[in-house]
There are 6 protein chains.
Amino acid sequence: MSTKLTHTDEAGRANMVDVGHKEKQIRTATAEGFIKLQQHTVDLIRDNHIKKGDVLTIAEIAGIQAAKRTSELIPLCHQLQLTKVDVSCSIQDNGVLATCTSRCIGQTGVEMEALTGVQIALLTIYDMCKAVDKTMVIEQVKLLEKQKLDL
Amino acid sequence: MSTKLTHTDEAGRANMVDVGHKEKQIRTATAEGFIKLQQHTVDLIRDNHIKKGDVLTIAEIAGIQAAKRTSELIPLCHQLQLTKVDVSCSIQDNGVLATCTSRCIGQTGVEMEALTGVQIALLTIYDMCKAVDKTMVIEQVKLLEKQKLDL
Amino acid sequence: MSTKLTHTDEAGRANMVDVGHKEKQIRTATAEGFIKLQQHTVDLIRDNHIKKGDVLTIAEIAGIQAAKRTSELIPLCHQLQLTKVDVSCSIQDNGVLATCTSRCIGQTGVEMEALTGVQIALLTIYDMCKAVDKTMVIEQVKLLEKQKLDL
Amino acid sequence: MSTKLTHTDEAGRANMVDVGHKEKQIRTATAEGFIKLQQHTVDLIRDNHIKKGDVLTIAEIAGIQAAKRTSELIPLCHQLQLTKVDVSCSIQDNGVLATCTSRCIGQTGVEMEALTGVQIALLTIYDMCKAVDKTMVIEQVKLLEKQKLDL
Amino acid sequence: MSTKLTHTDEAGRANMVDVGHKEKQIRTATAEGFIKLQQHTVDLIRDNHIKKGDVLTIAEIAGIQAAKRTSELIPLCHQLQLTKVDVSCSIQDNGVLATCTSRCIGQTGVEMEALTGVQIALLTIYDMCKAVDKTMVIEQVKLLEKQKLDL
Amino acid sequence: MSTKLTHTDEAGRANMVDVGHKEKQIRTATAEGFIKLQQHTVDLIRDNHIKKGDVLTIAEIAGIQAAKRTSELIPLCHQLQLTKVDVSCSIQDNGVLATCTSRCIGQTGVEMEALTGVQIALLTIYDMCKAVDKTMVIEQVKLLEKQKLDL
């Protein structure tokens, strides 16, 4: 593990570090996060879930789209081509758990993509529930797992 | 307070609700969130903070830019023209606290913009510290305050 | 009705025409389009429609998001702030009909936004069905109605 | 040919399918579409065509740019790097025919990029002619050909 | 004229300044810039100019599109809705002069939009000529005029 | 060196040229440009430079982000994945010099990315100083060096 910040050079100036010398590997990352909701809100989502306008589907789609745009949002992130993104939102007792798995064949890890997918999925749920719930909190957004496999 | 989801119609189908009939008001919102870091990581940021490549400045800039793009990221958010965005990242004992205030003159609230500014600022810190800290968690992202004032 | 192309000046050079002198009005437009599918494909969508991963919901969301980005895609379109976008995809005997209604309070019409919403919704259905149907055709994309009302 | 929708998993939930295991090949696709115009409109475009502000050039450029952004517009499309995009708009008796060829070296086909290039080129023509022609219809947008060649 | 940097607060921290209290006015700005080219390159552009694939038209379109996206590119720029953008590229003896006029009804000036339109138009010419000219320089990019008129 | 414009075909029509047959190489480019400022403005930036809200850091970050989006801004530029971007802004006697180095492993050069990084960094400085300096000029934007190395 590094003991210094990798995005700043010796003079402390920011840059997008060179990953060109790294080997191409299959990179996978999974992140998750939670949005705490009132019981009433959970019930409304569950009810809607079986109708046509699915709150969870919309959040999942928003998360997938955001994961693909991570390098536009996070200034020092490298561009990459995800071979897979999967965002899953599941109703829990007191909120919704969002999980995102991203994968690419590349020279740099994909945890920022997984985390971005989670964050935008949770914000999308926030947006759709904000008229009915004034106490929502997004919590425990973190990386669950990160892998690299040789091709 | 509404008792039903406003982004789905009677049939449960999603849409971007009509805000055209609402009055233009000065809308302000403030949100905050926290990223928990190891002591060592906090020290590295604090150290860098007085050099040229400022981790917190980069996170603040990323948050401001993301707040302006909220309607691209959150599917059912309305486009609006923010008259002000301020993102502030401050070092705490065990992490960094990000706060975002957004303002517009418009027909719909700006809390999603404030929350998006916070989330992307925190993800940017995550990105810049991920080589030195494997235990980061983003926590307690929530709305602090929301106001509307007549013009 | 004009008898010359409004986006080219006297010398035939393209520009984004000045709409600053026009009055702000409530502008609404509705467009529709159709994607012709095989019977088998229609059945698969209908079947999926009652499960969680809803093809039509995803197409509707994609259409809404694209409508908001019309001015990025169509070079001479003005930026505007839609107060409402509604995309509706309905299964027909031999395909899916997409309808989009867009609205804004502004100085220029919103038919391009409605048409863009329809086109991207239809392309999204194409994308999700392309593994099972090699004969899809997008047809009859047109404006249904356009209105302006004084404030 | 698949007999089920590839973008939904066993539970019917949408995701961006993993293409990481597929071989890299040279992928080419060609799509076309037509915009039906009044005779008067065709004459105006033809006349402008030999002046400086070329309606067809602008439509072609808009199509090329949109093809590069396909994965932002179509939620479950993979990001890819097109090695070539060519959009050609040609005047016909009663309208304009747009053709787009896209190519990449990658693990997934490029027909959505070709179709998106066609659609946005046609919408751009629609935009530039909408002041003079109220009867335009976009028709027969479809894939003409799709190829993959081993490297 | 201000004697301090307006985008940094008392503590020197960057933010997007509040323009909400400013009056809406008609804002216009014109900027220009020049790309110095070899004689041979100027001839090639002039020759192409009377054919179908017009280098100058493409540069003008690219400039218009970039002007609309200024607030995405310049971190502390406010979002605004341009009512007009006009980019004009004219061949000179030893290069191409690009001029951009932008206009909006808003609370903040549009000079950054005009300058961005000029810069991207010039870069587009650079891109299209880089295979034939290795000595291009972009020069003298500046604001020509800036106006505000009461509504 | 080519003697004809590579982005237009025999008929003079624009397209994005096919680079698929080219070999993958390590491509590097460095560009620079200058913004001329009044002495007073240089002093203000230098003063701010040692505080928290660093004008030069913000310009560097804006340049890095823009370099990654070059293919969206320049119509006929190919998409690519930069493995490194470094933007450096240094205070000179009468202005600020911006330098950008970009690198990728790919089939086409990265000079447009380096130039775009420079231009947006300079425009960002312009934006942050425009309240205090009415005589700024962007000058001498050019390519310094371009390399390709076999893998």
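How far apart do the closest C-alpha atoms of chain A and chain E lie?

1. **Chains without contact.** The closest C-alpha atoms of chain A and chain E lie 10 Å apart, and no contact joins the two chains. Contact means heavy atoms within 4.5 Å. Chain B and chain D are also joined by no contact. Their closest C-alpha atoms lie 10 Å apart.

2. **Ground rules.** This is a predicted model, where local features need pLDDT of at least 70, side-chain atom pairs count only at pLDDT 80 or more, and totals for chains, interfaces and linings use all residues. Residues are numbered from 1 along each chain as its sequence is written, chains are lettered from A and ligands numbered from 1 in the order in which they are written, and side-chain values use heavy atoms, leaving out hydrogens and water.

3. **Cysteines.** The whole structure has 0 disulfides (pairs of cysteine sulfur atoms within 2.5 Å). Take Cys89(A): the closest cysteine sulfur, in Cys100(A), is 9.5 Å from its own, too far for a bond. Cys104(D) is in no disulfide either; the nearest cysteine sulfur, in Cys77(D), is 11 Å away.

4. **Burial.** Buried means under 20% relative accessible area, exposed over 50%, and partly exposed in between (1.4 Å probe, protein chains only). Cys89(A) counts as buried because its relative accessibility is 7%. Cys104(D) is buried too, at 0%.
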